[in-house]
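Open the model in your viewer and keep the selection tool ready. We will go stop by stop.

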Amino acid sequence: MELVNAERAKAGCSPVTVNATLTEAAQKHSEDMAASGSMSHTGSDGSSPGDRITRAGYDWSTYGENVAYGYSTPEQVMAGWMASPGHRENIVNCAFKEIGVGLAQPAGYWTQDFGTAR
């Protein structure tokens with residue numbers, strides 16, 4: 001979250017705060033990707049990020065998701081996301097107010113779920 005908020009500050013966005021429900025959705029998706037050995041925004045059950053965030057109990061007005069695979073540290077995965085226009089867009093989207101982050105092993109399956117509650 002600190003790395004995300006540093007990038008958001010550079011872009012003129014307010015910081016995001018950690019949300020336990022988004023963290024649960026992100027962690028479960030990371031675990032699902034690790035179990036299936038597949039990095040995707042689509043869950044092994046066919047779910048979308050919005051489906052998973054809703055299923056966790058987050059009543060969102062907007063959301064975004066970043067996923068990554070194979071990075072060893074938060075700094076490495078953030079550098080990868082910031083080098084990708086779509087992922088960077090989520091990180092510096094000033095409309096997002098909250099975040100949840102998940103990491104599952106083996107091999108580092110990362111998920112960031114961003115949201116703004118209704």
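A disulfide is a pair of cysteine sulfur atoms within 2.5 Å. Keep that cut-off in mind for the first stop. Note too that this is a predicted model.

**Stop 1: the disulfide**

Select Cys 13 and Cys 94. Their sulfur atoms lie 2.0 Å apart, and the two residues form a disulfide. The structure holds one disulfide. Now look along the S-S bond. Which hand does the disulfide of Cys 13 and Cys 94 have? The torsion about the bond is about -80°, so this disulfide is left-handed.

Next, trace the chain away from each cysteine. Cys 13 sits in the loop between H1 and S1, while Cys 94 sits in the loop between helix H5 (85–91) and S3. The pair links distant parts of the chain, 81 residues apart.

Is Cys 13 buried or exposed? Its relative accessible area is 8%, so Cys 13 is buried, given that the cut-off is under 20%. Cys 94 has 36% relative accessibility and counts as partly exposed.

**Stop 2: helix H1 and Asn 5**

Select residues 2–10. This is helix H1, and Asn 5 is found in it. Asn 5 has 15% relative accessibility, so it counts as buried. Show its side chain. The side chain reaches the backbone nitrogen of Val 16 at 2.7 Å. Leaving out residues up to four places away in sequence, Asn 5 touches Pro 15 and Val 16.

**Stop 3: the sheet**

Switch to the cartoon view. Four strands form an open sheet with mixed pairing. Read across it in the order S1-S3-S4-S2. The edge strands are S1 (17–18) and S2 (60–69), and each pairs on one side only. Now select helix H2, residues 20–36. H2 packs on the sheet and touches S1, S2, strand S3 (98–104) and S4. The direction of H2 makes about 25° with that of S3.

Zoom in on S2 and strand S4 (residues 109–117). In which sense do S2 and S4 pair? They pair in the antiparallel sense, over nine bridges.

**Stop 4: Gly 64**

Stay in strand S2 and select Gly 64. Gly 64 is buried, with a relative accessible area of 5%. Which residues is Gly 64 in contact with, beyond its neighbours within four places in sequence? They are Asn 90, Phe 96, Gln 112, Asp 113 and Phe 114.

**Stop 5: the loop between S3 and S4**

Select Pro 106, which has its place in the loop between S3 and S4. Look at the peptide bond from Gln 105 to Pro 106. This bond is cis, with omega near 10°.

Move on to Ala 107, found in the loop between S3 and S4. Phi of Ala 107 is near 75°, a positive value in a residue other than glycine. Ala 107 is partly exposed, with a relative accessible area of 40%.

Zoom out and select residues 2–114. UniProt lists this range as "domain: SCP", in an unreviewed entry. Over these residues the chain is 44% helix and 22% strand. How far apart are the end C-alpha atoms of residues 2–114? They are 14 Å apart.

How values were computed. Residues are numbered from 1 along each chain as its sequence is written. This is a predicted model: local features need pLDDT of at least 70, side-chain atom pairs count only at pLDDT 80 or more; totals for chains, interfaces and linings use all residues. Side-chain values use heavy atoms; hydrogens and water are left out. UniProt positions are given in the numbering used here, feature names are shortened, and annotations may be inferred rather than shown by experiment. Helices (H or I, at least four residues) and strands (E, at least two) are DSSP runs, numbered from the N terminus. Two strands pair if DSSP finds at least two bridges between them. Contact means heavy atoms within 4.5 Å. Axes are lines fitted to C-alpha atoms, for helices over the stretch in contact, and angles run from 0 to 180 degrees between N-to-C directions. Buried means under 20% relative accessible area, exposed over 50%, partly exposed in between (1.4 Å probe, protein chains only). A polar contact is a pair of N or O atoms within 3.5 Å; within protein, one must be able to donate a hydrogen and the other to accept it, and residues adjacent in sequence count only if both atoms are side-chain atoms.
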